Amino acid sequence: MRRALSAAVAAALLAALTACGSNADDTLRVGTLSDAPPNVYLDKGQFTGFDNELLRAIAAKENLKLEFASTDFSALLGQVASGRYDIGSSAIAQTDERKKTVDFSAAYDFETMSIQAKQGTPVTGEQGLAGKRVAVIQATVGDNWLTTKVPAAQAVRFPDYASALTALKTGAVDAYILDQSIAEKNVAANPGLVVVKSFTTDVPHGFAVKKGDSELLGKLNDGLSQVVKDGTWLKLHRQFLPTAPVPAGFGS
């Protein structure tokens with residue numbers, strides 16, 4: 001009777017642990033985007049891009065299992081903070097405001113922005129954006145840059161890159177502020193679009209984790225150090241971001 005009872009208790013405990021543990025197999029859920037190449041995007045059913053492939057390389061060094069899922073950038077950091085995702089991967093700029101919500105890994109790249117418009121645009125730089133309707137992705141560095149540097153511009157905020165691009169192509173907006181790498185992809189895929197100007201910032205990119213998760217943060221930073229040293233970072237950067245500058249300390 002006692003053995004039967006012990007077995008029943010053990011079975012109940014196992015069932016409870018299985019039900020409560022969403023990551024019973026230690027798989028980490030990664031929140032990312034499906035439409036922001038070459039950093040993060042979906043290709044033939046697989047999440048890829050510089051950031052996601054870099055994260056896979058880091059995970060391989062640290063024996064971590066990853067499961068990717070798509071979300072909107074505007075919701076991503078809140079979802080990491082709430083625990084829905086263990087890691088946020090989306091060329092996330094480490095701003096002071098965002099650091100109030102999540103913790104970040106060491107920098108693995110830096111923000112390079114572009115002003116994109118249609119051919120024939122009178123816009124030649126930031127001064128020309130005054131009085132214009134300008135697309136930005138809500139809560140991104142581009143959004144902050146436009147409202148800070150060109151307050152006379154009318155910021156038109158979008159939840160994702162695809163809808164902002166459509167607005168530019170249809171003439172609903174006059175220009176579009178976004179990552180240089182994505183802007184270049186847009187130009188290559190959409191005749192009639194041009195990059196008016198690009199500029200590098202000192203804002204670092206990092207993977208986001210829930211505040212206080214020092215164990216995961218330590219593993220990400222250790223893995224990142226390894227992939228920089230063994231040349232994996234540089235190989236992926238050349239593959240996905242061939243025209244972007246290589247920051248000091250990341251290879252040559």
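This is a predicted model: local features need pLDDT of at least 70, side-chain atom pairs count only at pLDDT 80 or more; totals for chains, interfaces and linings use all residues.
Q: Which element gives the most residues to the lining of the largest pocket?
A: The lining has 13 residues, and those closest to the pocket's centre are F73, L77, T95, R98 and A139. Two elements give two or more residues to this lining: α3 (73–82) and α4. The one that gives the most, with five residues, is α3.

Q: How many cavities of 30 Å³ or more does a search of the whole structure find, and what volume does the largest cavity have?
A: Here's the general idea: rolling a probe the size of a water molecule over the atoms shows where empty space is left. Searching the whole structure turns up one cavity of 30 Å³ or more. The largest cavity has a volume of about 90 Å³.

Q: Which element gives the most residues to the lining of the largest cavity?
A: This cavity is lined by 16 residues, and nearest its centre lie E111, T140, V141, Y161 and D179. The elements that give two or more residues here are β8 (109–118), α4 and β11. By type, the lining divides into 10 nonpolar, three polar and three charged. The top contributor, with three residues, is β11.

Q: Is strand β9 largely enclosed or largely open?
A: Look at residues 133–137, which make up β9. A residue counts as buried when its relative accessible area is under 20%. Four of the five residues in β9 are buried, so the rest of the structure leaves this strand largely enclosed.

Q: What is the handedness of the crossover from β9 to β10?
A: First, the pairing: β9 and β10 (residues 154–158) are parallel and share five bridges, with V134 standing opposite A155 in β10. To get from β9 to β10, the chain goes through helix α4 (residues 141–149). This β-α-β crossover is right-handed.

Q: Which residue of β11 is the bridge partner of V134?
A: Strand β9 also pairs with β11 (residues 175–179). These two run parallel and are joined by two bridges. In β11, V134 has as its bridge partner A175.

Q: Which strands stand at the edges of the five-strand open sheet?
A: The strands of this sheet follow the order β5-β1-β6-β13-β7, and the pairing is mixed. Two of them have a single partner strand each, so one side of each is left without a neighbour in the sheet. Those edge strands are β5 (65–70) and β7 (102–104).

Q: Is H237 buried or exposed?
A: You'll find H237 in helix α8 (residues 232–240). Leaving aside residues up to four places away in sequence, H237 touches F50, D109, P242, A244, P245 and V246. The cut-off for buried is under 20% relative accessible area. H237 has a relative accessible area of 1%, so it is buried.

How values were computed
Residues are numbered from 1 along each chain as its sequence is written. Side-chain values use heavy atoms; hydrogens and water are left out. Buried means under 20% relative accessible area, exposed over 50%, partly exposed in between (1.4 Å probe, protein chains only). Two strands pair if DSSP finds at least two bridges between them. A crossover is right-handed if, with the strands pointing away from the viewer, the path from the first strand over the helix to the second runs clockwise. On a 1 Å grid over the protein atoms alone, a cavity is a set of points where a 1.4 Å probe fits but cannot get out, and a pocket is an open set with protein on both sides within 12 Å along at least five of seven lines; lining residues have an atom within 4 Å of a point. Grid points are joined across faces, edges and corners, and a volume is the space filled by probe spheres set on the points. Ala, Val, Leu, Ile, Met, Phe, Trp, Tyr, Cys and Pro count as nonpolar, Asp, Glu, Lys and Arg as charged, and the others, Gly among them, as polar. Contact means heavy atoms within 4.5 Å.
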